[in-house]
Amino acid sequence: MLKRWETIYGIDLGTCNTVIYERDKGIVLHEPSVVAYRQDTQEILAVGASAQAMIGRAPNHVEIAYPLMNGVIANFDLASSMLKHFVQKLQGRGLFRRSSKVYISVPCGITNVQRRAVEETLMQKGMHKPVAVEEPLAAALGAQLPIDEPVGHLVVDIGGGTSQVAIISLGGIVASHTIPRAGMSIDRDIMDYVKRKYNMQIGERTAETIKMQVGSATLSSEERSIEIRGRDLVAGLPRSLRISSKEIFSVIDDYLASLVEAIRATLDQCPPELAGDMVEQGILLCGGGALLEGIDERIRKETGVPVMIAEKPLECTALGTGVLLEAALGMRRSAKAAVKQPVQAAE
Ligand code: ADP
Ligand code: MG
């Protein structure tokens with residue numbers, strides 16, 4: 001049980017964004033999972049939004065990295081420094097100074113060794129018994145699905161590095177499928193396309209802006225376009241051009257086909273009783289990719305299953321992680337089943 005002076009945190013350590021929920025306060029931190037450091041001394045120069053602002057603009061001796069890549073921790077030391085920095089930021093505002101309990105949701109590709117190391121990193125920051133939980137469960141809870149009932153739900157989490165499809169029932173994962181393609185690989189596809197088609201090199205952030213502003217999962221009747229800047233590969237000089245939503249649709253299409261394929265493959269593994277639930281309950285979309293225009297309509301069309309988008313797709317995992325902890329401490333009645341089953345990560 002929680003003592004009066006203790007507090008509860010739910011942390012979503014994502015490939016693209018780290019989000020922290022605090023009980024009674026809501027989301028208290030939402031920053032890009034990015035670190036900038038000196039190549040020679042490894043000294044950390046910036047973390048989060050300020051590191052992200054340096055992408056594509058930093059001098060040669062500065063390296064900018066996403067410590068998590070494709071759903072696994074690619075650089076553990078950096079990931080740990082980043083997490084410490086974020087916690088410090090909250091402590092600086094007096095939030096973490098009280099003793100606290102914390103659950104952290106981690107990518108499902110993480111090894112048990114890495115999971116324990118993440119927990120230890122948090123322990124060094126004065127947190128009691130941190131527990132790593134599975135992302136899809138947390139996301140579903142954060143989107144207010146009653147996951148501990150004997151009813152199946154299908155959750156599709158489109159993050160930065162991976163797209164995870166999971167069928168959840170009675171607080172556990174019944175079937176799941178993860179593909180190493182999501183928001184960041186769409187950005188890379190857009191960069192490749194512009195290079196191939198226009199002989200122009202653009203940065204990651206420009207590619208992401210194109211995706212957010214004119215990207216679409218359906219071919220809408222209304223054509224939009226955006227002016228972008230980059231470097232001409234032939235002349236080697238700066239140049240700008242207009243790119244249309246129709247072109248970007250064709251680039252994103254390939255990713256969407258593999259996402260739908262992953263959803264089908266997961267439904268294929270689904271026990272028949274639960275398959276009926278899917279048709280009735282529909283698919284829940286979460287993660288930043290759920291904000292891609294028309295993605296719900298596209299999935300509905302191709303699977304024949306109703307689709308809904310989480311109310312706060314970027315924040316529901318952090319929120320659900322906190323809710324799981326509250327349930328484990330007996331502060332909530334829901335989601336008890338979810339915490340009865342210890343989470344197993346891949347070894
Ligand atoms: P992670 O859990 O891996 O950290 P998030 O759930 O935070 O990832 O989602 C980040 C991804 O969502 C990024 O690739 C980002 O480009 C993408 N994204 C955010 N907003 C939009 C949008 N409006 N349209 C399309 N993609 C978006
Ligand atoms: Mg995520």
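Biologist: How do β12 and β13 pair, parallel or antiparallel?
Modeller: Antiparallel, over seven bridges. Strand β12 covers residues 163-169, and strand β13 covers residues 172-179. Keep in mind that this is a predicted model.

Biologist: Which residue stands opposite Gly172?
Modeller: Ser169 does. Gly172 itself is in β13.

Biologist: And what sits between the two strands?
Modeller: The hairpin of β12 and β13 has two residues between the strands. Leu170 takes a positive phi there, near 50°.

Biologist: New topic, the ligand. Which residues come nearest to ligand 1?
Modeller: There are 17 residues around ligand 1. Cys16, Asn17, Gly160, Glu208 and Lys211 come nearest.

Biologist: What does the backbone of Cys16 do there?
Modeller: A polar backbone atom of Cys16 is 2.7 Å from an oxygen atom of ligand 1. For Thr15, a polar backbone atom is 3.2 Å from a ligand 1 oxygen. Gly160 has a backbone N or O atom 2.8 Å from an oxygen of ligand 1.

Biologist: How much of ligand 1 does the protein cover?
Modeller: On its own, ligand 1 has 580 Å² of accessible area, and the protein covers 89% of that.

Biologist: Which helix gives the largest share of the shell?
Modeller: That's α6, with three residues. Helices α5 (183-198) and α6 (204-214) each supply at least two.

Biologist: How does the shell divide by residue type?
Modeller: Six residues are nonpolar, nine are polar and two are charged.

Biologist: What comes just after α4?
Modeller: Gln144, which takes a positive phi of about 70°.

Biologist: Last stop, β15. Which strands does it pair with?
Modeller: Strand β15 (residues 225-232) pairs with β14 (residues 200-201) over two bridges, antiparallel. Met200 has Asp232 in β15 as its bridge partner. Strand β15 also pairs with β16 (residues 238-244), antiparallel, over seven bridges. There, Ile226 stands opposite Ile243.

Biologist: How many residues lie between β15 and β16 in their hairpin?
Modeller: Five. Gly236 is in that turn, with a positive phi of about 70°.

Methods
Residues are numbered from 1 along each chain as its sequence is written. Chains are lettered from A and ligands numbered from 1 in the order in which they are written. This is a predicted model: local features need pLDDT of at least 70, side-chain atom pairs count only at pLDDT 80 or more; totals for chains, interfaces and linings use all residues. Side-chain values use heavy atoms; hydrogens and water are left out. Two strands pair if DSSP finds at least two bridges between them. Helices (H or I, at least four residues) and strands (E, at least two) are DSSP runs, numbered from the N terminus. A residue is near a molecule or strand if one of its heavy atoms lies within 4 Å of it. A polar contact is a pair of N or O atoms within 3.5 Å; within protein, one must be able to donate a hydrogen and the other to accept it, and residues adjacent in sequence count only if both atoms are side-chain atoms. Accessible areas come from the Shrake-Rupley method with a 1.4 Å probe; for residues, only the protein chains shown count as cover. Ala, Val, Leu, Ile, Met, Phe, Trp, Tyr, Cys and Pro count as nonpolar, Asp, Glu, Lys and Arg as charged, and the others, Gly among them, as polar.
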